[in-house]
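Hi,

Here is the structure I promised to pass on.

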Amino acid sequence: MKRSRGSPSVSLPPPIRRVLMTADTVGGVWTYALELCRALAEDGVQVELATLGAPLSLAQRAEAREVPGLSIHESSYQLEWMDDPWEDVRASGEWLLELEARLSPDIIHLNGYCHGALPWKTPVLVVAHSCVLSWWEAVKGESAPGRYARYREEVARGLRAAERVVAPSEAMLAAAERLYGPFRATQVIANARRAESFPPGAKEPFVLAAGRLWDEAKNLVALEAVAPRLPFPVRVAGETQHPSGGDSARAHHVQPLGRLTPSELAGWMARAAVYALPARYEPFGLSVLEAALAGCALVLGDIPSLREVWGDAALFVHPEDGDGLAEALTRLMANPAERERLAARAHARARTFTPRRMAEAYLELYAALRARPSERRVLPALHAS
């Protein structure tokens, strides 16, 4: 259409082409980040992924190679929740600022907290996936002890400096605001997984769970406790060694599958009739989403975040109610029709959490932050290095 004389020209903001994103390699953030990077690549966005926490495993390297255009910048700096990490947090901050200067990204997307307070030249968002203080409250039933005072202060400093704080659930966002806020602006963007990676299969009469066996938040010990009462096997996939070198978890009544590759875990999910996660703490639950896509019926810990995400598509049991957990698992296994109805509801709900939907939400946020640059609030350090 020909523009009439005197009509103002419309200047569209330049598209987002490059994102500098951080990810740790020792938890679910890695899975989240790769899923998002893959979806962003479909829109021509190149992600420069800076990894922290530990060197990439061979399996992680293989996963990363499958993401078009993804560039990995690898480090092994300690994460902010690890023991006495502050010198590494300072050093990794300098490394990230060097990456920003060299790569000239359009957006900084942080999946950790403390680096939000760095003197970035680019708009910054921070995603609150989980945190020590909310974990401690949910798992221990009390406030985190005084040794986490610096963690609290440094995390609050990073979150309050960010242009936007994102969380995967309203429950996680509310916890972060209560513990570290107020924030400048907030948003909920749900996590996602590709349905084609978790095809349902012929179901077999066993319960599956997945998670780090040493993590009290997953509460897999509840399955260990009830397994002797169940007339069907309970199988648990996950690491047994704590990344800090603590004692290995022990399983006597559940069947440990060890650490599985994503494709191996997907195969077990395809076969499992029921997926159980009686969690005390789970800000979103990627493994639950994967199991639902694979056609499992869900039995979950009755906590706000899992209620928010799954609604009427799961059975919920209080994390400390062993009798209730055993009853729910037995009931579903003994009633195929009820189990299949519940699995169908979970599957339908799971298919709404698509990578395309997640990527579009982040792209809209990236564009908004870039179009309305605000003065960076770099807060003073609360502790000397």
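His129 touches Val29, Tyr32, Asn111, Tyr113, Pro168, Met172 and Pro283, leaving out residues up to four places away in sequence; contact here means heavy atoms within 4.5 Å. You'll find His129 in the loop between β5 and α4. Helices (H or I, at least four residues) and strands (E, at least two) are DSSP runs, numbered from the N terminus. Is His129 buried or exposed? His129 is buried, because its relative accessible area is 12% and buried means under 20% (exposed is over 50%, partly exposed in between; 1.4 Å probe, protein chains only). The side chains of His129 and Asn111 are also joined by a polar contact of 2.8 Å. That term stands for a pair of N or O atoms within 3.5 Å; within protein, one must be able to donate a hydrogen and the other to accept it, and residues adjacent in sequence count only if both atoms are side-chain atoms.

Before you go further: this is a predicted model, where local features need pLDDT of at least 70 and side-chain atom pairs count only at pLDDT 80 or more, while totals for chains, interfaces and linings use all residues. Residues are numbered from 1 along each chain as its sequence is written, and side-chain values use heavy atoms, with hydrogens and water left out.

Next, Asn191, which sits in the loop between β7 (186-188) and β8. Asn191 counts as buried too, at 7% relative accessibility. Beyond its neighbours within four places in sequence, Asn191 is in contact with residues including Tyr32, Pro168 and Phe284.

Now the sheet. Six strands form an open sheet in the order β10-β9-β8-β11-β12-β13, with parallel pairing. Two strands pair if DSSP finds at least two bridges between them. At the edges are β10 (255-258) and β13 (315-317), each pairing on one side only. Inside the sheet, four bridges join β11 (residues 272-277) to β12 (residues 297-301), and Ala276 stands opposite Val299 in β12. Helix α12 (residues 336-350) packs on the sheet and touches β11, β12 and β13.

Last, helix α5 (residues 149-161). Its 13 residues should span 18 Å at 1.5 Å a residue, and the end C-alpha atoms are 19 Å apart, which agrees; the expected span is 1.5 Å times one less than the number of residues. Among the buried residues of α5 are Tyr151, Glu154 and Leu159. The buried residues of this helix pack against several elements, including α3 (86-103) and β6 (164-167).

Cheers

Terms used. Axes are lines fitted to C-alpha atoms, for helices over the stretch in contact, and angles run from 0 to 180 degrees between N-to-C directions.
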